[in-house]
Amino acid sequence: MRIRRTLTIAATTAAVAALGFTGAVPAQAAEYSSALKIKGVQYDAPGRDSNKCSGGNTKKEYLTIKNYSKKSKVNLKGYKVKDRAGNTFTFKANHILEPGDYVHLRGGRGTDSDGKNVVYRQNCNFMWNNDKDTIYFYKPGGKPADIHAYTKKAHDKDGNGYIKYHG
């Protein structure tokens with residue numbers, strides 16, 4: 001039996017390599033057990049990119065995170081968002097999402113508000129690349145909650161700078 005498994009694994013590996021699949025399964029193909037998921041991203045802020053804190057448009061770049069649970073509230077404190085380059089934002093304050101509720105994580109500076117469903121990164125630099133990037137969303141313990149890679153050409157068919165993920 002051990003030899004058969006070895007041969008099967010070797011044959012599968014050879015078949016996968018022959019088809020040209022040399023890397024790991026893309027992160028966005030995995031489904032993680034998390035009530036919180038990325039609903040969408042405005043990766044290309046409307047207008048001409050300007051990361052000035054006064055008069056810039058970084059506030060128009062945002063990530064929407066939604067609580068898809070039907071019964072449970074979730075506190076965002078300790079959750080982490082990261083891009084492919086390693087730029088990171090960690091939710092440091094309590095921010096409770098009711099079932100079905102969402103929050104926009106916006107660039108720029110501002111006052112966080114549960115009522116207006118907004119948290120600001122307090123950073124006037126853009127986080128998401130306009131051509132392609134990967135969005136990593138981690139639970140407080142470091143396990144993945146949701147991950148999505150995008151390219152403008154493949155995922156933003158209408159060219160409006162917004163990509164929708166989970167409905």
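Among contacts in the protein between residues at least 6 apart in sequence, 58% join residues at least 24 apart. Contact here means heavy atoms within 4.5 Å. The model is predicted: local features need pLDDT of at least 70, side-chain atom pairs count only at pLDDT 80 or more, and totals for chains, interfaces and linings use all residues. Residues are numbered from 1 along each chain as its sequence is written, and side-chain values use heavy atoms, with hydrogens and water left out.

The secondary structure comprises 2 helices and 11 strands. Helices (H or I, at least four residues) and strands (E, at least two) are DSSP runs, numbered from the N terminus. In that direction the elements follow the order α-β-β-β-β-β-β-β-β-β-β-α-β. The protein has 167 residues, and 36% of them count as buried. Buried means under 20% relative accessible area, exposed over 50%, and partly exposed in between (1.4 Å probe, protein chains only).

The structure holds 5 aromatic pairs. Rings of Phe, Tyr and Trp (its six-membered ring) pair if their centres lie within 6.5 Å; planes under 30 degrees apart count as stacked, over 60 as edge-to-face and the rest as tilted. One of the pairs, Y43 with Y150, is tilted, at 4.9 Å centre to centre and 40° between the planes. Y43 sits in the loop between β1 (36-42) and β2 (62-67), and Y150 in strand β10 (residues 144-151), so this pair ties together parts 107 residues apart in sequence. Both Y43 and Y150 are buried.

The pair of Y79 and F137 is stacked, because the ring centres are 5.3 Å apart and the planes lie at 25°. Y79 belongs to the loop between β3 (74-75) and β4 (80-83), F137 to strand β9 (residues 132-138); the pair therefore ties together parts that are 58 residues apart in sequence. Y79 counts as buried at 9% relative accessibility. F137 is buried too, with a relative accessible area of 0%.

A charge also meets a ring. K82 lies over the face of Y136, 5.6 Å from the ring centre. The rule asks for NZ of Lys or CZ of Arg within 6 Å of the ring centre and within 35 degrees of the ring normal.

The count of disulfides (pairs of cysteine sulfur atoms within 2.5 Å) is 1. The disulfide joins C53 to C124, S to S 1.9 Å. The link is right-handed, with 115° about the S-S bond. C53 lies in the loop between β1 and β2 and C124 in the loop between β8 (118-120) and β9, so the pair ties together parts 71 residues apart in sequence. C124 is buried, at 7% relative accessibility.

R121 is found in the loop between β8 and β9. R121 is buried, with a relative accessible area of 13%. The side chain of R121 reaches the backbone oxygen of N125 at 2.7 Å. Such a polar contact is a pair of N or O atoms within 3.5 Å; within protein, one must be able to donate a hydrogen and the other to accept it, and residues adjacent in sequence count only if both atoms are side-chain atoms. Not counting residues up to four places away in sequence, R121 touches residues including E61, F89 and M127.

N67 is part of strand β2. N67 counts as buried at 0% relative accessibility. A polar atom of the N67 side chain lies 3.3 Å from the backbone oxygen of E98.
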